[in-house]
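User: Hi, could you walk me through this protein model, starting with how its parts sit together?
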Amino acid sequence: MRTLSLYLHFPFCLGKCTYCDFASYPWSSHHDRNSYLALVCTELSLKVKFFELEGSVLESVYFGGGTPSLLDAPSISSFLLYLQRFFRYSGKVEITVEVNPGTVDQNWIREVARGGVNRIQVGVQSFDQRFLLFAKRACKVEDIYAILELLSTQGFQNWGADLIYGWPFQGFAEWQKEVKELLKFEPCHVSIYELSLHFPSPMAWFAKRHPRSFPSDDEKANWFSWTREWLIQRGYLHYEISNFAKPGFECQHNLRYWRNEEYLGLGVAAWSYLRGERHRNSRHLRNYRFHLENGSLPIEYREALSLPQRLDEEIFLRLRTSEGLDTEILSQRYPVALVKEKIERMEFLLQEGFLQKEGSRYFLSAKGMLVANQVFSEIID
Ligand code: SF4
C-alpha cells in the first residue's frame with residue numbers, strides 16, 4: 001500500500017514581509033483564490049496520472065504558504081473532499097492549515113475543523129509591535145492575542161505557533177519575554193526560527209548596511225540554548241532542530257519529510273519527492289498558470305537522485321530529528337562501503353562532541369544543534 005503526504009502551496013498574502021523569500025504574491029481579489037484552486041486541481045489530476053498515484057493512502061495534508069488562511073472554509077473543505085476522488089485518507093491522517101493572525105475568526109476555525117482540518121499552525125513570529133512593523137507583518141499584536149485566545153479556549157486540540165528570534169535591536173530579555181508570552185497559551189507545538197536574511201529581501205539589505213543592529217551569532221546561540229532548556233523543562237520534546245512538541249503532537253507531515261518519505265507538492269514553487277526523484281514547480285504564477293492552461297505539468301526543475309545522493313539526503317534529513325540516523329537501517333538500503341565511509345565521518349564528529357550515539361543510532365548533541373549545517377557538511381559530500 002503506497003502512502004503519501006500532500007502539500008498545497010497557497011502563494012497569496014495580505015502584504016510582503018520584509019524578510020520574506022518565499023514564493024508569495026499580494027492578495028488582490030477572491031477571483032485569485034478560486035482560479036488558483038482550479039489550477040491546483042488540474043495539476044493534481046495531471047500528476048496523479050503521470051506519477052501513477054491513484055489509490056495512494058494520504059497520511060498528511062498540509063496547506064502552506066503564503067497565507068492559506070485567506071482561503072475561505074468551504075474552499076478548504078471542498079478541496080479535502082476532492083482529494084477523495086484520487087486518494088484514500090489514512091485513519092490517522094493529519095490535516096494542517098497555516099494561519100496568519102487577523103485572517104480568520106471563530107466560525108472559520110469551527111468550519112475547517114468540520115471539514116477535516118485537525119491541526120493549525122499560527123505564524124505569530126513576534127508579540128512586539130516594533131518588530132511586526134519593521135517586518136511589515138500584515139497584523140497587529142491584538143490579532144495575535146485574538147487567535148491564540150480562540151485556539152486555546154475553544155477546544156481546538158492540536159495547534160502550534162512559530163516565533164522568530166534575531167530581530168534588529170532585539171535583546172535577550174525581549175526574546176525571553178516572547179517565549180514566555182507564547183507559552184501562556186499552552187500550544188502543543190512550538191517552532192523557533194532564526195530571522196531569515198536572504199537576498200533580495202529588504203531585511204537582508206538592511207542587515208548588510210547595519211550589521212551591528214542585529215544580535216551576534218554567539219548571542220543567538222545562547223538564546224537558542226536557553227529556549228531549548230526552557231521548553232524541555234516545561235514538557236516539550238525537542239524533536240527537530242527548530243521544532244518542539246508536547247509528546248504525541250509532533251508534526252507528522254514534517255516528520256515524513258525528515259524520514260525521506262514520498263510527498264506530492266501542488267501549487268507555485270511546490271516541491272515533490274516521488275519515485276526517488278525531486279521536482280519543483282515553477283516559482284512564477286504566470287508560468288505555472290500557462291503550463292496548466294495548456295495541459296502540461298508546471299515542473300521547472302527535476303533531479304533524479306543517484307544512490308550516493310539519496311544516502312546524503314537521508315543523512316541530512318534524519319539527523320535533523322531527535323530520532324536520528326540508524327546506521328543498521330542505512331546498511332540495509334545502501335552499499336556497505338558507502339555507509340562505512342559515512343560512519344567514519346560521524347565517529348569523528350562523535351569524538352568532537354557534535355553527535356551522540358545510542359547503539360547504532362547517531363543524533364545531534366546540544367552542541368551540534370547550534371552548528372547543524374556545519375555538522376551536515378562534514379558528513380555529506
Ligand atoms: S506572511 Fe509569510 S509568505 Fe506571506 S509575505 Fe509574510 S513571510 Fe512571506
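This is a predicted model: local features need pLDDT of at least 70, side-chain atom pairs count only at pLDDT 80 or more; totals for chains, interfaces and linings use all residues.

User: Ok, and which residues belong to domain 1 and domain 2?

Analyst: According to the domain assignment of the protein chain, domain 1 covers residues 3-257, while domain 2 covers residues 306-381.

User: What separates the centres of the two, and how many residues does each give to the contact?

Analyst: Taken over C-alpha atoms, the centres of domain 1 and domain 2 are separated by 28 Å. Domain 1 gives ten residues to the contact, and domain 2 gives eleven residues.

User: Then at what angle do H6 and H8 pack?

Analyst: Helix H6 (172-183) and helix H8 (residues 217-233) pack at an angle of about 25°, and their axes are 11 Å apart. Angles under 35 degrees count as roughly parallel, so H6 is roughly parallel to H8. The crossing of these two helices, H6 and H8, is right-handed.

User: Which residues make that contact between H6 and H8?

Analyst: From H6 come Phe172, Trp175, Gln176, Val179, Lys180 and Leu183, and from H8 come Trp223, Trp226, Thr227, Trp230 and Leu231. Sorted by class, the contact of H6 with H8 has eight nonpolar residues, two polar residues and one charged residue.

User: What about H11 and H13, how far apart are their axes?

Analyst: The axes of helix H11 (residues 307-318) and helix H13 (residues 336-351) are 11 Å apart, and the two helices pack at an angle of about 40°. H11 and H13 are therefore oblique to each other, and their crossing is right-handed. On the H11 side the contact is made by Pro308, Leu311, Asp312 and Ile315, and on the H13 side by Leu338, Val339 and Lys342. In terms of class, the contact of H11 with H13 has five nonpolar and two charged residues, with no polar ones.

User: And which residues of H13 meet H15?

Analyst: In H13 these are Lys342, Arg345, Met346 and Leu349, which meet Val375, Glu378 and Ile379 in H15. The axes of H13 and helix H15 (residues 372-379) come within 9 Å and cross at roughly 140°, which makes H13 oblique to H15. The contact of H13 with H15 has four nonpolar residues, three charged residues and no polar ones. Lys342 of H13 is also listed in the contact with H11.

User: Changing topic, is the bond between Phe199 and Pro200 cis or trans?

Analyst: The peptide bond from Phe199 to Pro200 is cis, with omega near 10°. Pro200 is located in the loop between strand S8 (189-194) and helix H7 (202-209).

User: What kind of peptide bond joins Gly65 and Gly66, and where is Gly66?

Analyst: Gly65 and Gly66 are joined by a cis peptide bond, for which omega is about 20°. Gly66 has its place in the loop between strand S4 (57-65) and helix H2 (73-82).

User: Last one: is the phi of Glu186 positive or negative, and where does that residue lie?

Analyst: Glu186 has a positive phi of about 50°, although Glu186 is not a glycine. Glu186 lies in the loop that runs between helix H6 (172-183) and S8.

Definitions and conventions:
Residues are numbered from 1 along each chain as its sequence is written. Side-chain values use heavy atoms; hydrogens and water are left out. Axes are lines fitted to C-alpha atoms, for helices over the stretch in contact, and angles run from 0 to 180 degrees between N-to-C directions. Helices (H or I, at least four residues) and strands (E, at least two) are DSSP runs, numbered from the N terminus. Angles under 35 degrees count as roughly parallel, over 145 as roughly antiparallel, 65 to 115 as roughly perpendicular and the rest as oblique. A crossing is left-handed if the near helix is turned anticlockwise from the far one by less than a right angle, and right-handed if clockwise. Contact means heavy atoms within 4.5 Å. Ala, Val, Leu, Ile, Met, Phe, Trp, Tyr, Cys and Pro count as nonpolar, Asp, Glu, Lys and Arg as charged, and the others, Gly among them, as polar. Domain bounds come from an automatic or database domain assignment.
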